[in-house]
Amino acid sequence: MVKITIKDLSFSYGSRKILDDLNLVVGDSEVLSLVGPNGSGKTTMIKCIDRILKPKGSILLNGGRDLQSLSRQEVAKYIGYVPQSTMGVLTTTVFDTILMGRKPHMGWRVADEDIDKVVDMMKLLHVEEFALKDFSELSGGQKQRVLIARALCQEPEVLLLDEPTSNLDVKHQLEALDTVRSIVKKTNISAVMAIHDLNLAARYSDTLVMLKKGRVHAIGDPLSLLTKENIRSIFGVEAVVMKDLDRPYVVPIRSLKGETAR
Amino acid sequence: MSEAETMSTESATKNSELREEYAQFVGRKVLFIILSLAGIAVLAGVAATLGSANITPVEVYSAILARFFPGHFATTDFIDTIVWQLRLHRVLMGIFAGMGLAVAGSAMQGILKNPLASPFTLGIASAATFGASLAIILGAGFVSGQYLIVGNAFVFTMLASLTVYGLAKYKGITPETMILAGIAIMYLFSAMTSFLQYVGESEEVHEVVFWMMGSLGRSSWDKVGIIALVTVVCTLVLMYFSWDINALGAGDETAKSLGVNVEFVRILCMMLASLITASIICFTGTIGFIGLVAPHITRMVVGGDHRFLLPASGLVGALILLGADTVARTILAPVILPVGIMTAFLGVPFFIYLFLKRRKDYW
């Protein structure tokens, strides 16, 4: 089943085109990763899908409705966004941070079911012991889990993650992506993430989308997509791709100066 | 019991524990609000007791209650006059002005995500001062008669907010653009005020300086009425948008992804905060620090949820301004100091305390 269909998506900052006629289909319970060099449009793509930015083109839900024609509140019920771990200046507890995810569903008063949902999500992401701690006192990995819990409280159909592994050490990178993948596989939610690390992307994604200068360079499963040629062409890097594990593994060798893709 | 059953019972206990913990967390905030209300009631009585005519707190409360329940409480004409015509409106002016300035402050800090923001960040104080100076020195203004100074201060304050809005709108409404536009407006109006003071007569300049210090001395029942009405209505509207302000605190992008119309909420809250501030300082002159200090103290106790932070900091602001005015009236009696001087003196040690004690690099 198809979850969202992105048609002819374009976005420009002034006259500078960032995304150029992108077409993409995200299926049910699919983890889809956007990979590509800096400036290829990964993060912009994530923000366009959530309408944080205002792109041209259409983002069709599986009922045929266009996300572009919905109010912010309705979009928020359909799409959950996990930003790169940010730190606010003003204090909030972990509980209140996650409760914010109920914003699209609740009124001024917090209903019991909202509290229940928050408690469930805290347990799912193992952050219940920090419930009344200040969000800014948490470690990077804990913050990431809290932000995922908040997005899940929106009860979204699609989870968008912007560089979910940046600022995390190796262990927490694996844990964060394990969590995302297991949630996607257990529920009907799909995940779209912008991610730098090709090996993590290969390990945790069903589909990779290679972006180059705001266009789709190639789409496919990790095994067929991560080839020496593709990596050379989008990153300008000579690499060895090892395929003896069940997932491909990329070892970059050297940068091809003068041939860089950007 | 099977292992699975044990586990599910355990997790149910855990759930209700967490729920209980959160209920207590909310309960503490409500308790703080109730205690603040009680504090205001007591302080108001004390404030109405202190003054050149010696009356006791019991006489003050009887005089107040006698108007509401004439059969049950007795008072004399003398005490009734002192309390109702001389002191009570000033006390209430302190309460509502303090409340309004503090609510405006916490709303501004919320939407600008800056703990050092206040209604005055947008150049409102200098615009009000310019409006008042224009009236005092040149006698020019938008209205005439006894409301010339008040009208001018109000109009220029709102003009400053609209200009900040216009400038920010041009570049995108973010905290940064609003603060920069506010600083530009602030310098513009203070330069114009300086110019007026330069050309003004010394008596007029003295009057301007006195106006700038901020005082509750010009209070009256109709002014209290206006301030109370604007403050209460605007506070309720701001509280209605509490969740949106909370979401803004998590960043504009996150707020948008949670369904908040970021620019609309930011502008609406800024305009409401400006309106509250304008309607207060046009009567009192500029009273600083309340809008900065009260939200700080309150945030340390009730946390950052604006559903509680807005009303609670309003009450704390009322306590501070009423307390400061009471001290200003009595410390050098019979000389009455302008309350603006007192709030500044109270504000500075508080900030030094924060500066020394704060271990975290956030608020």
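User: What links A:K3, A:D28 and A:E157?

Analyst: These three residues belong to a network of salt bridges. The term stands for a side-chain nitrogen of Lys or Arg within 4 Å of a carboxyl oxygen of Asp or Glu. Please keep in mind that this is a predicted model, where local features need pLDDT of at least 70, side-chain atom pairs count only at pLDDT 80 or more, and totals for chains, interfaces and linings use all residues; side-chain values use heavy atoms, leaving out hydrogens and water. Residues are numbered from 1 along each chain as its sequence is written, while chains are lettered from A and ligands numbered from 1 in the order in which they are written.

User: What makes B:R19 and A:D116 another salt bridge, and how accessible are they?

Analyst: The closest N and O atoms of B:R19 and A:D116 are 2.6 Å apart. B:R19 comes from helix α1 (residues 3–49) of chain B and A:D116 from helix α4 of chain A, so this pair also joins two chains. B:R19 has a relative accessible area of 30% and is therefore partly exposed. A:D116 is partly exposed as well, at 27%.

User: How do you know whether A:D114 is buried or exposed?

Analyst: Its relative accessible area is 4%, so A:D114 is buried. A:D114 is found in helix α4 (residues 112–124) of chain A; helices are DSSP runs of H or I with at least four residues, strands are runs of E with at least two, and both are numbered from the N terminus. Leaving aside neighbours within four places in sequence, A:D114 is in contact (heavy atoms within 4.5 Å) with A:L99, A:R102 and A:M106.

User: Why is strand β6 (residues 158–162) of chain A described as largely enclosed?

Analyst: Five of its five residues are buried, so the rest of the structure largely encloses the strand. A:V158, A:L160 and A:D162 point one way, and A:L159 and A:L161 the other way. In a regular strand, side chains alternate between the two faces of the sheet.

User: What makes β5 (residues 79–82) and β6 of chain A a pair?

Analyst: Two strands pair if DSSP finds at least two bridges between them. β5(A) and β6(A) share four bridges in the parallel sense, with A:Y81 standing opposite A:L160. Five bridges join β6(A) to the parallel strand β7 (residues 190–194) of chain A, where A:L160 has A:V192 as its bridge partner.

User: How do you know that the radius of gyration of chain A agrees with a compact globule?

Analyst: The radius is taken over C-alpha atoms, and the globule rule is 2.2 Å times the number of residues to the power 0.38. For 262 residues a compact globule would be near 18 Å, and chain A has 19 Å, which agrees.

Technical notes: Buried means under 20% relative accessible area, exposed over 50%, partly exposed in between (1.4 Å probe, protein chains only).
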